[in-house]
Amino acid sequence: MKPTRLRATLTGVALVPVLVWTLFPIYWITAASFKTELALYARPPQWLFTPILDNYARVLTNIPFFQYLKNSLVIAIGTTLGSLVLGTLAGYGFARFHFRASEAVRFLVLVTRMAPRMVLVVPYYLMMQRLGLLDTYTGLLVAYVSFALPFSIWLLIGFFVEVPLDVEEAAMIDGCSRLGVLIRIVIPIAAPGLVVAAIFAFLVSWNEFLFALILSGVEAKTLPVVIAGLNTDAGPLYGEMSAAAVMVMLPNIVMTLALQRYLVKGLTLGAVKG
Amino acid sequence: MRISRNVRYLAVAVLVVLAIASGSDAPASAQAKTITLSMLAGYKEDVLRANLPEFEKKTGIKVVVDAAPFGDLYKKQLLSLSTGGRYDVLFMDEPWIPPLSEFLLPLNERMKTLDTADFIPTTVASGAFQGTQYAVPVDPNVQLLVYRKDLFEQKGLKPPTTWDELLADAKALHDPAKQQYGIAITASSDIQTALYMLLAMWSYGAELVDGGKGSLNSAAGKKGGEVFLELLKYTPPNVKSYNFADVNKAIQLGQAAMAIQWASGAKPMEDKQRSSVAGKLGYAQVPKAVRQTPMRGVWTVGIAKNSANQDAAWQFATWLSGREFGQAAVTFPSATSAIHSPRFSVLKDPATKAALPYADALLVSLQITKERPRLREYADIQENLRVTAGKLTAGELTLEAALKEIDAGTNRILGK
Amino acid sequence: MAAGRAGRWFLLPGLVFLFAIDLVPLAYSCWVSFYNWWLIRPRDIRFVGLANYTRFADDPEFTRAVVVTTLFTVGAVLVEFLAGLALALLFAQPFKFLRPIRVLLLLPLFVVPVVGATMWRVIFHPELGVLNYYLAATGLGPLPWLSDPRLALVSITLVDAWRTIPFMFLVMYAGLEVLPAELFEAAAVDGASAWQSFRHITVPLLTYIMLLAVLIRGMDAFREFDIIFVLTGGGPGTATQTIQILNYRAFGLGHMGEANAIGIVTLIIVAVMCYVLMRAVLRPQAAPS
């Protein structure tokens, strides 16, 4: 398998079914957002058609979409930042410091992620009710950071342990503090891990439904609850749902495009040393 | 250092987010004249939102809408009410009235100020439990028979009035080779399956609960069940995965000659963007056997017992069930939005008949409709019915075993 | 590196936050599971000991749900892990044209779960769906995707795979990206084949990340709800009725004791599964730390 051109071709060929499988439903959702419901079910299936904007118009006029979009964005960005900061610190702590119950505590971190959310939502609701945090950004943000954190911690442990100790020690001899080492040496090397943790923390908050439903009402309602509302007892409003889903997808794509340049080799050891 | 600058940006960003977050923590309902409404999201919410400014202008009362999807609305209302929650007014499906009655304000005195003569009587009953009125009807729903006028004419058939005629017509119009099926109903583990089955059993005289006990396992129940299973021979081949929307699709895309469907599904059938048979449909009462029992499902509005704004809430409830809103709702220009009206004056209005081809069928059916058992435990009983009907149609149980299991479940829930 | 006082300040903020936010509700829910508490009867809350748990033992519906959930979880995670790993390896190759495609591959993650599942229901529609249209055209179908008990379980697995292969891919791909390139170059110089360097360099170095991906996906799949609820609602019959569907029902009807007991049982099953898997995978090598 030496000749790279052959390998490139094979790779390309292998990707075709993968892309069809992955993208077809996305195309179908996007197409549905520009179609009438009748056209969505047309036989033979319609691949090319004259797009209509009615679905978008209805979503934007029937519900205060942008208010909910703002809620979703603020909470998701907050969740991402919160879980990154706490996750980086704790992940580094676990990766570099051992204490007696280290393993057990780490497993306990994972256990908090295993409980069905349906079970946690009622006590959490009562807790937030006591604290007066129902229907607030804070109430949801705190919940979502706790959802995202176990994965962030565990994932970042895996990336931090790959950072060679001697590089860190050299920096500390040069007078760098622990936190300084983490920020200047460890984080750049483990950047792909942080990117993945960020993307998933964002998505946890962005797509979460149950807590958003129960904890929010008017002020802090997020988009998944609104979109679920388009799945009515008289059936889904396919066009409107798809239009909303497409609009909801866009911020994710923008964020991923912005982050993906850190998702590469390059910030490897050599680069840091040099 | 580049990286530490990034950290500083990060810190600033965190602070900004926290500031925005805490800024919105202030309660929105500080003013006296604001009421919070728990509403069904989606295709009824839009009608309400479009008309709400009118009410707010007229009364000076601001209505804050908390809309939740159908599948979660009851849960959210129950959780909120039982933990001293924050709703003033609630939009509720009628089976929820008995279990939620505990937390609702009795309205008997206030009802006297309402022009109740204009309401179809059965719809008013949907808001009552054990002699007390807890809610006012807003949006009545009932099962209808939908049929293709053109196909019936072609074959020289008359719309069926009995289950035997329905079976005969379904058979006559069933032509799988042409992807033309006699009737669309569901035979899945969807709730609609249980309700179709119950409808047939009711028609033959069976009761889900009688004398405080499960009593579907009777000759009448068995007969109704047989008719229901017989119908499945003339449906699209995969009704075992169908739900409410699929029944609508089968009609809208011209595949089914008939359907039994709730009135709330009828509006999209008449929309050219969604239906290839718009204008070709006829609507009638569901078929009968020993009696005619179209099932009732009315959306009602009630007031929380612990509401601090009961008078404003009542003003809103009367407006929502009033003639003005009803008329605006039935003629609301959207194919997917459906709020009907429980008032004779609205349903008989020429403008309504022009907007809703099924207005007459709705009006007649609502007057002869049958209600599901009014019990606190009904939601559990219906859930047991749903699961068992799903097992029956999937072939996991025979009809005899299913009927026994339904009654056993009902008795267990009722503590018998 | 030995434990230092400094470690405490790295660990405490996250751990205190996490345990305060999650362990308190968890303890509460454990406590509630010993009560008979129906939300519609707020004045009739009784301590019933283990009754909410013992009823599972002789409830065939619950046993069935455990089996269905386990089948779904094992099937879904296996498919997703293999596909995700294959894709990660494919994309780790140094070809420029792979860069822009990477984002395309992630798109299913960005679709709100309920919409993704709803659209799959449209695609799967037996009479009107696009899938059966082309299957019929090619003589392979139509297939009863959601109405056949066995196929329904496969269908929900497929949809779950569609949505979460990108997760597996991204985690393992990022893991591959930080592996030191020098090791692979040295192996190539020594004449190691692609398989040998995969087996002896990639797998050992990636074990932790792979394990983590499987654990996280496993616990999510075990608790999967949206997809199943939208696609089949647990049917046909009880063919896809998972523990979460039962939990949703108990919760939705306001049976708090029963719902919490189901939740605690789920937690225990998942925790045991994760623990066993971790032990099995990490025993041969030391845990990375």
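Start with chain C of this predicted model and show its surface: the accessible area is about 11,500 Å², and carbon and sulfur atoms account for 69% of that. Of its 289 residues, 60% count as buried. Switch to the C-alpha trace, which spans about 75 × 70 × 30 Å along its principal axes. A cartoon of chain C shows twelve helices and two strands. Read from the N terminus, the order is α-β-β-α-α-α-α-α-α-α-α-α-α-α. Among contacts in chain C between residues at least 6 apart in sequence, 68% join residues at least 24 apart.

**Chain C against chain A**

Chain C puts 102 residues into the contact, and chain A puts in 102. Between these chains the count is one salt bridge. Select Arg113(A) and Asp220(C), which form a salt bridge with closest N and O atoms 2.9 Å apart. Asp220(C) is partly exposed at 22% relative accessible area, whereas Arg223(C) is buried at 11%.

Now select Met114(A). Apart from neighbours within four places in sequence, Met114(A) is in contact with residues including Phe107(A), Met219(C), Arg223(C) and Leu267(C). Met114(A) is also among the residues with the most contacts inside the largest nonpolar core, alongside Phe211(A), Ile260(B), Phe316(B) and Phe91(C). That core has 352 residues. Its largest share, 17 residues, comes from helix H7 (residues 137–160) of chain A.

**A patch on the surface**

Select Tyr27(A), Trp47(A), Leu48(A) and Tyr134(C). They form a nonpolar surface patch with about 430 Å² of accessible area together. Tyr134(C) sits in helix H6 (residues 130–137) of chain C and is partly exposed, at 34% relative accessible area.

**Chain C against chain B**

The area buried between chain B and chain C is about 2,700 Å², 55% of it from carbon and sulfur atoms. The contact takes 34 residues from chain B and 31 residues from chain C. Five salt bridges are found across this interface. To view a salt bridge between these chains, select Glu102(B) and Arg43(C), whose closest N and O atoms are 2.4 Å apart.

Next go to His255(C), in the loop between helix H11 (243–252) and helix H12 (256–282) of chain C. Is His255(C) buried or exposed? At 16% relative accessibility, His255(C) counts as buried. Its contacts beyond four places in sequence are Asp380(B), Trp37(C), Trp38(C) and Ala250(C).

**Salt bridges within chains**

Show all chains again; the whole structure has 45 salt bridges. In chain A, select Arg58(A) and Glu240(A), paired at 2.7 Å from N to O. Arg58(A) belongs to helix H3 (residues 54–62) and Glu240(A) to helix H13 (residues 238–259) of chain A, 182 residues apart. Both are buried.

In chain B, select Asp311(B) and Arg110(B), which form a salt bridge with closest N and O atoms 3.0 Å apart. Asp311(B) is in helix H13 (residues 310–320) of chain B and Arg110(B) in helix H5 (residues 108–111) of chain B, so the pair ties together parts 201 residues apart in sequence. Asp311(B) is exposed at 55% relative accessible area, while Arg110(B) is partly exposed at 23%.

Notes. Residues numbered from 1 in each chain as written. Chains lettered and ligands numbered in written order. Predicted model: local features only at pLDDT ≥ 70, side-chain atom pairs only at ≥ 80, totals over all residues. Heavy atoms only, no water. Core = buried A, V, L, I, M, F, W, Y, C linked by side-chain atoms within 4.5 Å. Buried < 20%, exposed > 50% of the residue type's maximum accessible area, 1.4 Å probe, protein only. Helix = DSSP H or I, 4+ residues; strand = E, 2+ residues; numbered from the N terminus. Contact = heavy atoms within 4.5 Å. Patch = residues over 30% accessible without salt bridge, like charges linked within 9 Å, V, L, I, M, F, W, Y side chains within 5 Å. Areas by Shrake-Rupley, 256 points an atom, 1.4 Å probe, with all protein chains shown as cover. Salt bridge = Lys/Arg side-chain N within 4 Å of Asp/Glu carboxyl O. Buried area = accessible area lost by both parts, 1.4 Å probe.
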